[in-house]
Amino acid sequence: MAYSRITGVGHYVPENIITNEYLTTLMDTSDAWITERTGIKERRYFTKGKDTNASMATEASKIALARANLSATAIDFIIYATITPDYFFPGPGFILQRNLGIAGIGVLDIRDQCSGFVYALSVADQFIRSGMYRNILVVGAEIQSTFLNHTTEGRGVAVIFGDGAGAAVVQATEDENHRILSTHLHADGTYAEELYVKEPGSSGGERFYEQLLENPQMGDVVMNGNAVFKHAVVRFPEVIKEALAHNQLQSSDIDLLVPHQANLRIAEYVRQQLGLTPAQVMTNIQYYGNTTAASIPIAMSEAWEQGRINAGDLVCLAAFGSGFTWGSALLRW
Ligand code: COA
């Protein structure tokens with residue numbers, strides 16, 4: 001029986017640091033408000049002419065491949081999660097494939113927003129378990145700064161999000177003791193409009209060009225922060241407990257929880273609900289903001305660099321986001 005295992009992780013964040021203080025020059029906000037409500041102190045924005053969604057993913061992938069000690073030519077499938085692609089279509093997975101010089105292999109671009117990486121990892125796990133592929137590159141990358149309204153009108157959303165990319169090499173293994181134990185995916189489309197970008201879209205029937213003429217706010221993120229918060233604090237613990245119960249484990253068995261970096265207050269609430277210590281929960285939202293599909297692989301890569309993930313550790317990934325979507329993955333590293 002083939003299992004799958006993460007053998008290398010990597011991340012890339014743009015060099016351009018955007019502090020809370022800088023945002024106060026663009027909109028009516030304050031470091032105190034942002035820190036108190038979200039925990040975020042700074043985030044990264046891409047540099048025009050240098051970074052794109054796929055270029056950041058390429059850098060993160062090269063690091064993950066090097067750590068896995070695997071050549072890009074050994075990759076037989078790419079799964080790429082993003083909501084902020086370089087082009088409306090095709091997705092950035094094809095550009096990543098081109099950048100890595102591995103034309104010919106299959107590429108799957110997926111959305112699933114803040115849960116995108118967990119969904120992508122789950123698909124990779126199933127493809128490997130079924131025997132279809134052996135070496136899959138799984139990526140989460142976002143350039144969200146171009147979608148944000150940097151005026152006081154957009155402050156409820158603009159202060160939260162940032163840019164970055166993370167990648168994981170997932171490989172087939174026979175080793176029962178070091179593998180992805182299980183993944184659990186959920187969604188509830190009842191709440192699709194609680195966190196969304198309405199336009200450009202096809203639902204209104206107008207050409208994109210006409211949508212733009214009629215709606216200067218086209219592309220703005222619309223978020224009911226309160227509803228997102230209320231659902232997140234229920235779904236995070238629920239889906240983590242589901243993963244633990246499925247594997248006859250308890251929260252005290254978790255060596256490191258790597259939650260999607262949505263909000264420090266949400267992470268803290270989840271930590272308390274599960275009775276975890278701060279050392280058992282990885283947080284880096286303070287430095288990168290919410291990077292949507294990229295947040296879990298960035299956090300996982302940083303935790304690995306910091307020596308917080310070691311062979312044999314029980315690592316739990318958990319996500320909640322727009323859709324609403326939520327999911328978890330339990331790994332024996
Ligand atoms: N700076 C200063 N004031 C701001 C602000 C900002 N950046 N954004 C909003 N405000 C103001 C509002 O206008 C409002 O003012 P009012 O009371 O005069 O009307 C006040 O702050 C409270 O706004 P509210 O939206 O009720 O704040 P909140 O306590 O719910 O916090 C969020 C807002 C977005 C931080 C919070 O709801 C949250 O974190 N939700 C989850 C979001 C999330 O995780 N999204 C990603 C999911 S993957």
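Trainee: How far apart are the centres of domain 1 and domain 2?
Mentor: The centres, taken over C-alpha atoms, are separated by 13 Å. The chain is divided into domain 1 (3-176) and domain 2 (180-332), with bounds that come from an automatic or database domain assignment. The contact (heavy atoms within 4.5 Å) takes 52 residues from domain 1 and 48 residues from domain 2.

Trainee: What do these values rest on?
Mentor: This is a predicted model, in which local features need pLDDT of at least 70 and side-chain atom pairs count only at pLDDT 80 or more, while totals for chains, interfaces and linings use all residues. Residues are numbered from 1 along each chain as its sequence is written, and side-chain values use heavy atoms, with hydrogens and water left out.

Trainee: How much area do domain 1 and domain 2 bury between them?
Mentor: About 3900 Å², with 64% of it on carbon and sulfur atoms. Buried area is the accessible area (1.4 Å probe) that two parts lose on being put together, so the figure is summed over both. On the side of domain 1, His11, Cys114 and Val118 lose the most area to domain 2, together 16% of what that side buries.

Trainee: What makes the pair of Glu305 and Arg67 a salt bridge?
Mentor: The term asks for a side-chain nitrogen of Lys or Arg within 4 Å of a carboxyl oxygen of Asp or Glu. The side chains of Glu305 and Arg67 meet at 2.7 Å, N to O, so the pair falls within that limit. The count between domain 1 and domain 2 is 1 salt bridge, and the structure holds 7.

Trainee: Which element gives the largest share of the side of domain 1 that touches domain 2?
Mentor: The interface has 21 residue pairs in polar contact, both residues at pLDDT 80 or more. Elements giving two or more residues to the side of domain 1 include β1 (3-12), α5 (116-129) and β7 (164-173). Helix α5 gives the largest share, 8 residues. Helices (H or I, at least four residues) and strands (E, at least two) are DSSP runs, numbered from the N terminus.

Trainee: Why is Asn53 called buried?
Mentor: Buried means under 20% relative accessible area, exposed over 50%, and partly exposed in between (1.4 Å probe, protein chains only). Asn53 has 1%, so the label is buried. Asn53 is found in helix α3 (residues 53-68).

Trainee: How do you know that the side chains of Asn53 and Tyr80 make a polar contact?
Mentor: The two side chains are joined at 2.5 Å. The rule wants a pair of N or O atoms within 3.5 Å; within protein, one must be able to donate a hydrogen and the other to accept it, and residues adjacent in sequence count only if both atoms are side-chain atoms. The distance therefore passes.

Trainee: Why is the pair of Glu15 and Lys50 said to tie parts of the chain together?
Mentor: Their side chains meet in a salt bridge of 3.8 Å, N to O. Glu15 lies in the loop between β1 and β2 (16-19) and Lys50 in the loop between β3 and α3, so the joined parts are 35 residues apart in sequence. Glu15, at 54%, is exposed, and Lys50, at 43%, is partly exposed.

Trainee: What separates Asp125 and Arg129 in helix α5?
Mentor: They are 4 residues apart, which means about one helical turn. Their side chains meet in a salt bridge at 3.2 Å, N to O. Asp125 is buried at 1%, whereas Arg129 is partly exposed at 25%.
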